[in-house]
Amino acid sequence: MSTLAAPAEPTTPEEASAPMAAVEVLRTGMGTTVQDAGRHGHAHLGIGRSGAADAASYALANRLVANPDGAAALEVVLGGLRLRARGAVTVAVTGAPCPVTVDGRGAAVDTVLHLPDGAELELGIPATGLRSYVAVRGGIDVAPVLGSRSTDTLAGLGPPVPRPGAVLPVGPPPRALPAADWVAHPPVGAARMDLRVVLGPRADWFTDAAVEVLLHAEYEVTARSDRVGARLAGPALERREHGELPSEGMVPGSLQIPPDGDPVLFLTDHPVTGGYPVIAVVVAADVARAAQARPGTRLRFHL
């Protein structure tokens, strides 16, 4: 089971003598949750991994503020988050590139930002992508559940979804100091994405023509998408087998086909099992990219 590493002792006398900091949530936007590297080792109990949907952007945010791997951060959907520092805090914003301000003054993503006591951090709507991440030096120090501070929106496990007025404690700063003020980051999100897949495990339940359609047509991410899965609209995929499957294990990236023929691309809060056939699975390296596909994004799948 993966657990959050304990932060080391602070480096500087100022950090050592400072009272414990926190961030106050003033506005959450369309959706803000606490996420870490996930809740591992409980699938046999019907409990999924959860964790940051875009693991790469989440990890970068923690590296910028020198947090240990697995420190909890905030995952923000389509911007709109507003925080107030209670005590001086150091933060970084990564993922979907959104306008960032500190007390109304322009700041930047992928940089180390120092917020004095009372300063307000605000995230606007990103131009591309869907999910931004806010890491605070020391990590969001809410109580872990089954070894993780991630909020699983399907199972209802983990810390509650932050609401305006919530005060989120920040853990002690780690021993390490940030090694860079800014990093170059690959583009996040796009109007069209190509995702690599592996066929199966139930590709044989579909006609050969359906497999060809999957690999050559475009599918659009709909507004019915969430952390459980991206619900897609596009050409229906005709089944060869019309029986029912017993429930079987699911993994992130599974392309499950319900009876209406529209694929569901499972993301980080996916169910542990499912009974609809999976025609293909998006390779693990591309699942984080898929998590940044906002409604209206066009997806193409290829081997």
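Start by selecting His270: leaving out residues up to four places away in sequence, His270 touches Leu154, Arg227, Val228, Met250, Val251 and Pro252. Contact here means heavy atoms within 4.5 Å. His270 sits in the loop between strand S17 (264–266) and strand S18 (273–274). With 10% relative accessibility, His270 counts as buried. The cut-offs are under 20% relative accessible area for buried and over 50% for exposed, with partly exposed in between (1.4 Å probe, protein chains only).

Before moving on, note that this is a predicted model, in which local features need pLDDT of at least 70, side-chain atom pairs count only at pLDDT 80 or more, and totals for chains, interfaces and linings use all residues. Residues are numbered from 1 along each chain as its sequence is written, and side-chain values use heavy atoms, with hydrogens and water left out.

**Stop 1: the barrel**

Show the strands next. Helices (H or I, at least four residues) and strands (E, at least two) are DSSP runs, numbered from the N terminus. Which strands close into a barrel? There are 7, in the order S12-S19-S16-S17-S14-S13-S20, and the pairing is mixed. Neighbouring strands of this sheet are turned by 40 degrees against each other on average, direction ignored. Axes are lines fitted to C-alpha atoms, for helices over the stretch in contact, and angles run from 0 to 180 degrees between N-to-C directions. Two strands pair if DSSP finds at least two bridges between them.

Now select S12 and look at its partners:

- S12 and S20 run parallel and are joined by 5 bridges. Arg196 stands opposite His302 in S20.
- S12 and S19 run antiparallel, with 3 bridges between them. Leu199 has Ala280 in S19 as its bridge partner.

Move on to strand S13 (residues 219–221). S13 runs antiparallel to strand S14 (residues 229–233), and 2 bridges join them. Glu220 stands opposite Ala233 in S14.

**Stop 2: the largest core**

Select Leu255, Ile279, Leu299 and Phe301. Of the 29 residues in the largest nonpolar core, these four touch the most other members. A nonpolar core is a set of buried Ala, Val, Leu, Ile, Met, Phe, Trp, Tyr and Cys residues joined through side-chain atoms within 4.5 Å. S12, H3, S13, S14, S19, helix H4 (284–290) and S20 each supply at least two residues of this core. Which element gives the largest share? H3 does, with 4 residues.

Zoom in on Phe301. Neighbours within four places in sequence aside, Phe301 is in contact with Leu195, Val197, Leu214, Leu215, Tyr219, Leu232, Leu255 and Val282.

A second, separate core has 28 residues, including Val76, Val89, Val91 and Val100.

**Stop 3: helix H2**

Select helix H2 (residues 55–64). Its buried residues are Ser57, Tyr58, Leu60, Ala61, Asn62 and Leu64. An α-helix has 3.6 residues a turn, so residues three or four places apart point the same way. Among the elements covering the buried residues of H2 are strand S2 (31–35), S3, strand S5 (89–95), strand S8 (112–115) and S10. Just after H2, find Ala66, which takes a positive phi of about 65 degrees.

**Stop 4: salt bridges**

The whole structure holds 17 salt bridges. Each is a side-chain nitrogen of Lys or Arg within 4 Å of a carboxyl oxygen of Asp or Glu.

Select Glu75 and Arg131. Their closest N and O atoms are 3.5 Å apart. Glu75 lies in strand S3 (residues 73–77) and Arg131 in strand S10 (residues 131–136), so the pair ties together parts 56 residues apart in sequence.

Go to Asp141 and Arg149, whose closest N and O atoms are 3.2 Å apart. Asp141 is partly exposed at 34%, whereas Arg149 is buried at 10%.

Next come Glu218 and Arg192, which meet in a salt bridge at 2.8 Å, N to O. Glu218 lies in the loop between H3 and S13 and Arg192 in strand S12, so this pair ties together parts 26 residues apart in sequence. Arg192 is exposed, at 56%.

Finish with Glu24, Arg82, Arg84, Arg86 and Glu120, which are linked in a network of salt bridges.
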